[in-house]
Amino acid sequence: MSALTSLDRPNSYIGRSVPRPNAKRLLAGRGRYVTDMTLPRMLHVAYVRSPYAHARIVSIDAQAARGMPGVRLVATGEDLAKLCTPWVGAMDHFKGMKSPPQLPLPIDKVVWSGQAVVAVVADTRALAEDAAEAVSIEFDELPAIVDIDAARAPGAPVISPELGSNLCFHGKIDTGGVEEIFANAAHVVEEEFHFGRHTAVTMEPRAIIADYDASEGQLTVHHATQTPYQFQDIYARHYGIPESRVRVIAPDIGGSFGMKLHVYHEDMAVVGLSMMLGRPVKYVADRVESFVSDIHARDHRVRARMAADADGNILAMDVEDVTGIGAFSAYPRTSVVEGNQVYRLMGAPYTFRNYRADLQVVFQNKVQMSQYRAVGHPVACTVTERLVDLIADRTAQDVFDIRSRNLIPDDAYPCTSPTGYQFEALSHHACLAKVKAMMDYDGLRAEQAELRAKGIHRGIGIASFVEITNPGPAFYGVGGARISSQDGAIIKVTPSGDVHCSISVTELGQGTETIIGQIVAEHLGVDRNRIKVMTGDTDTTPHGGATYACRGAGIGGETALQAARKLKANVLAVAAAILQDESEKLDIQGGWIVDAATAQQRIELSEIARIAYFRSDTLPPGTQAQLSVAHHHAPQGYPFAFTNGVQACHLELDVETGLVKILKLWVVEDCGRVINPLLVDEQIRGGVVQGLGAAFFEECVYGDNGQLTNGSLADYLVPMAVEMPDIEIGHVETPTLDTQLGAKGVGEAGTAAASAAALNAMNDAMKPFGGTVAQVPMTPARILKALGHI
Amino acid sequence: MSDLVKVTMTVNGSQVSRSIEPRNTLADFLRQTLELTGTHTGCEMGVCGACLVVLDGRVVHSCLTFAVQASGSTIETVEGLSERAAIADLQEAFHQRNALQCGFCTPGMLMTAHSLLSQPGVPSREEIRDALSGNYCRCTGYEAIVDAIEMVARKRYEGVSAAQDEEVGA
């Protein structure tokens, strides 16, 4: 008899690859995105944008535009400032951080090229755009502060004079002892790294419809966002509407990746425009607007060095990171979080204890930078892993051996990183061994040597990483941001014995509704086809953090699990009353109340529901059936659930042209309990490809005058199918003991280390030529330069 | 603004006539006038492939086609192909393989796959990846999409082969 696995249990869904029920409507062309929606009497807004990166607004002449066909309103910054209070993107726990107040539209000054200045609302978008062309704005151009060094130079013009300088935040970490270690170390390696600004490029651009009904004082916002509760709070507070009168609905979302949880000026303006008009107003960013108004990310210059002893044992790291974030810090999550994670994640997989870092977050005349998938991780991982490879070179060790020597041992947990991160349990060595076997590392090295002799230059790169998931209130709440770290669920049994779960984590296509359904099915004891999961509506779901920082499965999943168990106890109490039995002796399997010991079917769940809802007179006196339950779960225990893993990249470099063929990627990842392997693997693959985009293609290129020079999908390169490799994935499972579910996050793991593995592979391929590269994206021109060809 | 122009075309098997502005793209006409919102616009410059539709048997960018240019043509969108079950096997394979996440690019992907698989033979993975390179997807990393199309290509080919064998046998 073969051994039973956990999947052989009744109602076992956790750990099973099942497809997403809600994907069927998307496949049939029946998705309902905000972009697709129309409401009765709906109007459309187009914005007049600044052509300058930095300029005073001298005057605005909208007279002609107001007379154009179909135009209902032309509004300026002054008009909207009468309705909307300013916001400041700062949090208390970043000591000394500062940022100027922001309004939906500027009043006297523009601070980046593409900033929306005037809103034109008309019957159709085309008419609004026609009229926008007739708006005349006189600007007085100011010097553009673009370069991160020039912005910090003494006497540099200050973008927001009231702040005194262009420095948003200056952070330091110092464990002590670093100077002495570097002075005496057998090996010191160092490098200056450059990370190109890039952006999310969601396939559906930002989209919002605000619908203010003055008769009820009710604001309803259909918003392509991953965090509807955060926006309910923001719209209520900044427009002075009671929270109970603000409803935010996030229907199908065409990609998000962290980009759709920030406050955007155009989106805030739409709410005010709807209030001014008493009609629904729709704004959809076109692709060019997306490039100049969506957040960018990862613009970092990092100078870093690493010290090791004669055997290659890493002793210390010393890091200086300067990052340019645009003209202000994004709201409400701030633009310091990325730099903060960069300088705290450095060296995180390794045992060394001495660390010093300096972080400067700098204002400049570019579009705002803020959180995007795998916030800070790719930067920290690339710097660390490249330096580790340089130590390997210096000590003549293999890249696997140097990591085996220095990674935190799998039995050393719990422990902390030098920057204070607490690790519950990670599995670096198990992952390293697994990826080495999966990729047939020795075979690839032998092949590499053979091919080099034939003039074919392949590179192999690996990168270990840790990922921050399941953030507790230490992430935002303690800083004063009204962003929840808890989630809530309401589950009910319907009169027919079906199950309805409304939960605050949101669906972006990653499969939230599917895994919540699996968890409820397993822990309640019903078929998952009888469960409907509802998300994304602040009126019909409990308040929660929703989806950010890899929290959906770990926090939302645990919420659903505990809610399902609570409901199950209630169902069994009613069943026990009906069956004249003890509820402890009963269980639910496959939608039946069964004898727990024998699995013998006693009464169907639908029958319990029928009696409870329609024939309560037949229940014993005093029995009040509670077939709806609410449950909230906030993470406790560790402040974050860290995950870990390793990626390996295999590529072929054409040394004549600088062109690269990415041959294959391998990822071994430990996200704790895997709820749905199919969905987890596709999260990783999608994440890897975004990381490879950053490694090879994606960069927002600015001119010296602060103009974005490649802001269209024809000029800004994103990975295409033909350029991307197959990606092989393996898992190690170390569940967190902080929850019963044991799941951690996985959405950022792919992106976290892909560019690091690619950069190491590229340097490996270039080794015979003596060139090195420490900049992403690794464009053919940069490669040829590194090879000395240009 | 200019005078309205009458266009007539067959969309998903039904003839439609509307008076529209000449500047309306086919994508806008399908999405806004006919409310066929399965066709998406991701870049409106013919790069991303979210707006692909079948026009007189060829897959075209509806964002680069004026609706007046399509007058007299026969158009099929994802809604039409779904309703006549022309891509049911592709949709099922995409579903089982989780070859979509946010789903915004998916109708365009299905158009390209439908067109590719209407050619004889079984395309290699490299050929599938090549064919998909006018369709951007930011969620999946493409591999699952390639897997799903490859699986359907094989099944369709096996189905054709089996039918031919049967004919020979008879």
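## Briefing: chains A and B

Among the contacts in chain B between residues at least 6 apart in sequence, 59% join residues at least 24 apart; two residues are in contact if their C-beta atoms, placed from the backbone, lie within 7 Å. In chain A, residues 24 or more positions apart account for 79% of the contacts with a separation of 6 or more. Keep in mind that this is a predicted model, where local features need pLDDT of at least 70 and side-chain atom pairs count only at pLDDT 80 or more, while totals for chains, interfaces and linings use all residues. As for labels, residues are numbered from 1 along each chain as its sequence is written, and chains are lettered from A and ligands numbered from 1 in the order in which they are written.

**Chain B overall**

- Chain B has 6 helices and 5 strands, where helices (H or I, at least four residues) and strands (E, at least two) are DSSP runs, numbered from the N terminus.
- Starting at the N terminus, the elements of chain B go β-β-α-β-β-β-α-α-α-α-α.

**Chain A overall**

- Chain A holds 20 helices and 31 strands.
- For 790 residues a compact globule would have a radius of gyration near 28 Å, and chain A agrees at 28 Å.
- The C-alpha trace of chain A covers about 85 × 80 × 50 Å along its principal axes, and 59% of the 790 residues are buried.

**Where the chains meet**

- Chain B puts 41 residues into the contact and chain A puts in 44.
- On the chain B side, the elements giving two or more residues are helix 2 (78-83), helix 3 (88-97), helix 4 (106-116), helix 5 (125-131) and helix 6 (143-169).
- Helix 3 of chain B gives the most to that side, with 4 residues.
- That side of chain B comes out as 19 nonpolar, 15 polar and 7 charged residues; Ala, Val, Leu, Ile, Met, Phe, Trp, Tyr, Cys and Pro count as nonpolar, Asp, Glu, Lys and Arg as charged, and the others, Gly among them, as polar.

- Strand 21 (residues 487-493) of chain A is mostly covered, with 5 of its 7 residues buried.
- Strand 21 of chain A pairs antiparallel with strand 27 (residues 628-633) of chain A over 6 bridges (pairing takes at least two DSSP bridges between two strands), and I491(A) stands opposite V629(A) in strand 27 of chain A.
- Strand 21 of chain A also runs antiparallel to strand 22 of chain A, joined by 5 bridges, with V493(A) opposite V499(A) in strand 22 of chain A.
- The hairpin of strands 21 and 22 of chain A has 5 residues between the strands, and G497(A) takes a positive phi near 90° there.
- Strand 22 (residues 499-503) of chain A pairs parallel with strand 23 of chain A over 4 bridges, and V499(A) stands opposite I531(A) in strand 23 of chain A.
- Strand 23 (residues 531-534) of chain A has I531(A) and V533(A) on its covered face, and K532(A) and M534(A) on the uncovered one.

**A three-stranded sheet in chain A**

- An open sheet of 3 strands in chain A has the order 4-2-6, with antiparallel pairing.
- Strand 4 (109-110) and strand 6 (136-141) of chain A are at the edges with a single partner strand each, so one side of each has no neighbour in the sheet.
- Strand 2 (residues 55-61) of chain A connects to strand 4 of chain A through 2 bridges, and A55(A) has V110(A) as its bridge partner.

**Helices 11 and 19 of chain A**

- Helix 11 (residues 377-394) and helix 19 (residues 749-766) of chain A pack at an angle of about 30°, with their axes 8 Å apart; axes are lines fitted to C-alpha atoms, for helices over the stretch in contact, and angles run from 0 to 180 degrees between N-to-C directions.
- Residues in this contact include C381(A) and R386(A) from helix 11 of chain A, and A756(A) and L759(A) from helix 19 of chain A.
- By class, the contact residues of these two helices of chain A are 6 nonpolar, 6 polar and 3 charged.

**A closer look at E522(A)**

- E522(A) sits in helix 15 (residues 512-524) of chain A and is buried, with 22 other C-beta atoms within 10 Å.
- Leaving aside neighbours within four places in sequence, E522(A) is in contact with N11(A), S12(A), Y13(A) and I14(A).

Conventions:
A residue is buried if 20 or more other C-beta atoms lie within 10 Å of its own, exposed if 12 or fewer, and partly exposed in between; C-beta atoms are placed from the backbone. The radius of gyration is taken over C-alpha atoms; the globule rule is 2.2 Å times the number of residues to the power 0.38.
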